[in-house]
Amino acid sequence: MSLYKQIEETISTLKVESISKERKLTLQPLIDFIQKKTIANKPININFICTHNSRRSHLTQIWAKAMAEYFGVEKVNTYSGGTEATAMFFKVAETLENQGFKIQEIAEVKNKIYTIKYDDNSQPIIGFSKKHDHEFNPKSEFAAIMTCSQADEGCPFIFGAEKRIPITYEDPKLFDSKENQAEKYEERSLQIATEMLYVFSSIKK
């Protein structure tokens with residue numbers, strides 16, 4: 001499947017060799033989960049979880065789905081949630097749009113709802129902030145990926161998770177309202193994209 005040209009151009013700039021050996025060990029349990037499901041020809045449900053479901057969990061959800069499509073790894077369903085619901089931060093949508101995704105705001109409420117597309121023919125990802133156990137998300141047979149240390153420490157049990165894997169990222173929120181905010185959001189998004197590229201390129205079909 002072809003992604004939007006600009007997303008593919010973004011992917012072409014990513015350098016997997018920038019990922020350290022230690023970080024690859026952190027990513028390996030996710031690779032193992034996806035590989036096991038692929039061999040069994042079962043749905044691959046992955047719920048990316050952070051404290052507020054506002055930044056990192058959305059970036060990982062969206063890039064994971066795009067990379068699954070890019071490498072033709074089938075039956076991948078990505079989700080995101082938080083230990084509490086707030087709102088998807090506008091800079092996340094703006095950053096992803098700059099990297100090639102087509103994003104549309106479909107509900108002007110406090111917790112805005114977005115459609116996020118990576119190609120013209122697939123159903124869009126629906127982006128909004130929600131708790132990890134929201135009805136939008138799977139109830140069983142999923143991997144819970146803890147994308148921030150606060151959620152990993154503060155949420156010791158994720159009901160229904162088949163596997164719990166900590167893959168944490170520095171919060172770009174640290175740079176909100178600072179001169180280098182846009183640069184730092186882009187940097188975090190590209191780091192996540194590079195790691196999801198490594199994960200899905202490792203899957204043997």
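Author: We may begin with charged pairs. The model is predicted, and by the rule applied here its salt bridges come to 9.

Reader: Are E195 and R23 buried or exposed?

Author: E195 is buried, since its relative accessible area is 4%. R23 counts as buried too, at 15% relative accessibility. The cut-off needed here is that buried means under 20%.

Reader: Which residue forms a salt bridge with K37?

Author: The partner is E162, and the side chains meet at 2.9 Å, N to O. Here, too, distant parts of the chain are linked, with E162 in strand β7 (residues 161-166) and K37 in helix α2, 125 residues apart. E162 is partly exposed, with a relative accessible area of 39%, whereas K37 counts as buried at 8%.

Reader: Where do K91 and E94 lie?

Author: Both lie in helix α4 (residues 90-98), 3 residues apart, which is about one turn of the helix. K91 forms a salt bridge with E94, and the closest N and O atoms are 2.5 Å apart. K91 counts as buried at 10% relative accessibility, while E94 is partly exposed with a relative accessible area of 32%.

Reader: Let us turn to aromatic rings. How many aromatic pairs does the structure hold?

Author: The structure holds 5 aromatic pairs. In one of them, the rings of Y70 and F71 have centres 5.0 Å apart and planes at 90°, so the pair is edge-to-face. The cut-off behind that reading is that planes over 60 degrees apart count as edge-to-face. Y70 is partly exposed, with a relative accessible area of 32%, and F71 is partly exposed as well, at 23%.

Reader: What is the arrangement of F89 and F90?

Author: F89 and F90 form a tilted aromatic pair, with 4.8 Å from centre to centre and 55° between the planes. F89 counts as buried at 18% relative accessibility, whereas F90 counts as partly exposed at 44%. Ring pairs also link F89, F90 and Y185 into a cluster.

Reader: Which charged end sits over the ring of F89?

Author: It is that of R55, 4.1 Å from the centre of the ring. Elsewhere, the charged end of K130 sits over the ring of F128, 4.7 Å from its centre.

Reader: Where does E141 lie, and what is its phi?

Author: E141 lies in the loop between β5 and β6 (142-146). Its phi is positive, about 55°, although E141 is not a glycine. E141 counts as exposed, at 52% relative accessibility.

Reader: The last feature is empty space. How is such space found?

Author: Rolling a probe the size of a water molecule over the atoms shows where empty space is left. In this structure, the largest pocket holds about 260 Å³ of space. Its lining has 17 residues, and the closest to the pocket centre are Q61, T78, P124, I125 and I126.

Reader: Which elements supply at least two residues of the lining?

Author: They are α3 (56-70), β2 (76-82) and β5 (125-127). The largest share, 5 residues, comes from β2.

Reader: How do the lining residues divide into nonpolar, polar and charged?

Author: The lining of the largest pocket has 7 nonpolar, 7 polar and 3 charged residues.

Key. Residues numbered from 1 in each chain as written. Predicted model: local features only at pLDDT ≥ 70, side-chain atom pairs only at ≥ 80, totals over all residues. Heavy atoms only, no water. 1 Å grid on protein atoms, 1.4 Å probe; cavity = no way out; pocket = protein on both sides within 12 Å on 5 of 7 lines; lining within 4 Å. Points joined across faces, edges and corners; volume = space filled by probe spheres on them. Helix = DSSP H or I, 4+ residues; strand = E, 2+ residues; numbered from the N terminus. Nonpolar A, V, L, I, M, F, W, Y, C, P; charged D, E, K, R; others polar. Buried < 20%, exposed > 50% of the residue type's maximum accessible area, 1.4 Å probe, protein only. Salt bridge = Lys/Arg side-chain N within 4 Å of Asp/Glu carboxyl O. Phe/Tyr/Trp six-rings, centres within 6.5 Å; stacked < 30°, edge-to-face > 60°. Lys NZ or Arg CZ within 6 Å of the ring centre and 35° of its normal.
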